[in-house]
Amino acid sequence: MKLKAILFSFGLLTSVYCRSQTSMTAGAERLLNYIEQHITEVAEAMPENRFDFIPDSLHIPGSQFENVRSFAGQIKHLATDNFLIWSAITGDEVPPGIEDVNGPAGLRTKASIIAYLKQSFAAGHKAIATLTTNNAMDMIPFRGNQLPRVDLAFYALTHANEHYGQMVIYLRMCGIIPPASRPGRPQ
């Protein structure tokens, strides 16, 4: 009888633990952690004196780099959109100084831009923690539309990956191997 109770309890705890590890929230959190790590590493890998790098400065024949964002501009835009998206999910106010998707104009140093980026990811962790199977499909306003809460979370993750790819290319154009591609890096 005791053995059955112990086995039943163990099975119940294992089931609860496994479900919590495979929940939608846990999955989104894992993706955000992965994206945050890679983007932060790329941002930190660019030297301060190249933070304003724009591909147009390379004058590559046939290229179409006019009016693209600088490396710093990529980070500021990504962080700003992070705040806008994650705040829509949580209902929190966006930080002061955000007037458009390009981020606060006053952020100019590598340290201040990376701090802003990290704060935007903290907002993401907060928003993802609010996602449940019960509220994932709740419609919330975003940029003139009504979208399911989970759609915005996936949009934020996808948008971050898009900018990660652009930032990696900027690093490569500056002769820097992205941290995730360096020899000996565990995959």
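## Reading ring pairs and a buried helix

Modeller: Of the 187 residues of the protein, 40% count as buried. Keep in mind that this is a predicted model.

Biologist: Got it. Which elements does the protein have, and in what order do they run from the N terminus?

Modeller: There are 5 helices and 2 strands, and from the N terminus on they run α-α-α-α-β-β-α.

Biologist: Now the rings. What describes a pair of aromatic rings?

Modeller: You take the distance of the centres and the angle of the planes. Here, counting rings whose centres lie within 6.5 Å, the model has 4 aromatic pairs. Take Phe51 and Phe71: they sit 5.3 Å centre to centre with 70° between the planes, an edge-to-face pair.

Biologist: And where in the chain are Phe51 and Phe71?

Modeller: Phe51 is in the loop between helix 2 (24-45) and helix 3 (71-90), while Phe71 is in helix 3. The two are 20 residues apart, and their pair links distant parts of the chain.

Biologist: Are Phe51 and Phe71 buried or exposed?

Modeller: Both are buried. Phe71 also pairs with Tyr170, and that one is tilted: 6.4 Å centre to centre, 40° between the planes.

Biologist: What does the pair of Phe71 and Tyr170 tie together?

Modeller: Phe71 lies in helix 3 and Tyr170 in helix 5 (residues 149-173), so the pair ties together parts that are 99 residues apart in sequence. Phe71 and Tyr170 are both buried.

Biologist: How many of the 20 residues of helix 3 are buried?

Modeller: 17 of them, so helix 3 is largely enclosed by the rest of the structure.

Biologist: What follows helix 3?

Modeller: Gly91, with a positive phi near 85°.

Biologist: Zooming out, what about contacts across the protein?

Modeller: Look at contacts between residues at least 6 apart in sequence: 69% of these join residues at least 24 apart.

Biologist: And what does the accessible surface of the protein come to?

Modeller: About 10800 Å², of which 59% belongs to carbon and sulfur atoms.

Key
Residues numbered from 1 in each chain as written. Predicted model: local features only at pLDDT ≥ 70, side-chain atom pairs only at ≥ 80, totals over all residues. Heavy atoms only, no water. Phe/Tyr/Trp six-rings, centres within 6.5 Å; stacked < 30°, edge-to-face > 60°. Helix = DSSP H or I, 4+ residues; strand = E, 2+ residues; numbered from the N terminus. Buried < 20%, exposed > 50% of the residue type's maximum accessible area, 1.4 Å probe, protein only. Contact = heavy atoms within 4.5 Å. Areas by Shrake-Rupley, 256 points an atom, 1.4 Å probe, with all protein chains shown as cover.
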